[in-house]
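Student: I am new to this structure. Could you show it to me and walk me through it?

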Amino acid sequence: VQLVESGGGLVQAGGSLRLSCAASGFTFDGYGLGWFRQAPGKEREGLSCISGKGGSTNYYDSVKDRFTISRDNAKNTVYLQLNSLKPEDTAVYYCAAKAAVALPFQYMCFRNSAEYDYWGQGTQVTVSS
């Protein structure tokens, strides 16, 4: 099982980035997916999640209306569109996958990082003021 994030970088405040997370080694639509981030000296923070099937999504308040999660099951990839970036968004961003094969879990979105089975290595996002 492998999750590989990409798309991070340096951007000015107000700018946008699109993060990608390519998955391999498991049946992609049998997993719920999530995005998290961790800034230096801070705890890991949940951002958004999306269900394996049905497209159910959820966002944490800190990023609601600025970030958008999506997935392409044909490409085994989950995305996180980051808009209106702020310096406080600077962090390493991680994607994660949770097995959700049985009903009703296939259509559920998981917010708790402790529920996730697999993690990527992270991609750095730096927002300058």
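What follows is a short exchange about strands, sheets and backbone angles.

Tutor: This is a predicted model, in which local features need pLDDT of at least 70, side-chain atom pairs count only at pLDDT 80 or more, and totals for chains, interfaces and linings use all residues. Residues are numbered from 1 along each chain as its sequence is written, and side-chain values use heavy atoms, with hydrogens and water left out.

Student: In what order do the four strands of the open sheet lie?

Tutor: Strands (E, at least two residues) and helices (H or I, at least four) are DSSP runs, numbered from the N terminus. Two strands pair if DSSP finds at least two bridges between them. In the open sheet the pairing is antiparallel, and the order is S1-S3-S8-S7.

Student: Which strands stand at the edges of this sheet?

Tutor: Look for strands with a single partner strand. One side of each is left without a neighbour in the sheet, so the edges are strand S1 (2-6) and S7.

Student: By how many degrees are neighbouring strands of this sheet turned against each other on average?

Tutor: Axes are lines fitted to C-alpha atoms, for helices over the stretch in contact, and angles run from 0 to 180 degrees between N-to-C directions. For this sheet, direction is ignored.

Student: How many bridges join S3 to S8?

Tutor: Strand S3 covers residues 17-24 and runs antiparallel to S8. Arg-18 has Gln-81 as its bridge partner in S8, and Ser-20 has Tyr-79. The number of bridges joining S3 to S8 is six.

Student: Which residue of S8 is the bridge partner of Ile-69?

Tutor: S7 and S8 pair in the antiparallel sense over six bridges. In S8, the partner of Ile-69 is Leu-80.

Student: How many of the six residues of S8 are buried?

Tutor: Buried means under 20% relative accessible area, exposed over 50%, and partly exposed in between (1.4 Å probe, protein chains only). S8 is mostly covered. Its buried residues number five.

Student: What is the phi of Asn-76?

Tutor: Asn-76 lies in the loop between S7 and strand S8 (77-82). The hairpin of these strands has four residues between them. Asn-76 counts as partly exposed because its relative accessibility is 25%. Its phi is positive, in a residue other than glycine, and is near 55 degrees.

Student: Is Asp-65 buried or exposed?

Tutor: Asp-65 sits in the loop between strand S6 (57-59) and strand S7 (67-72). Asp-65 is not a glycine, yet has a positive phi of about 75 degrees. Its relative accessibility is 77%, so Asp-65 counts as exposed.

Student: Which residues form the covered face of S11?

Tutor: Strand S11 covers residues 123-128. Its uncovered face holds Gln-124, Thr-126 and Ser-128. The covered face holds Thr-123, Val-125 and Val-127.

Student: Which residue of S11 is the bridge partner of Gly-9?

Tutor: Four bridges join strand S2 (residues 9-12) to S11, and the two run parallel. S9 runs antiparallel to S11, with three bridges. There, Val-92 has Gln-124 as its partner. For Gly-9, the partner in S11 is Val-125.

Student: What is the peptide bond from Leu-103 to Pro-104, cis or trans?

Tutor: Pro-104 is in the loop between strand S9 (91-99) and strand S10 (118-119). Omega of the bond from Leu-103 to Pro-104 is near 0 degrees, and the bond is cis.
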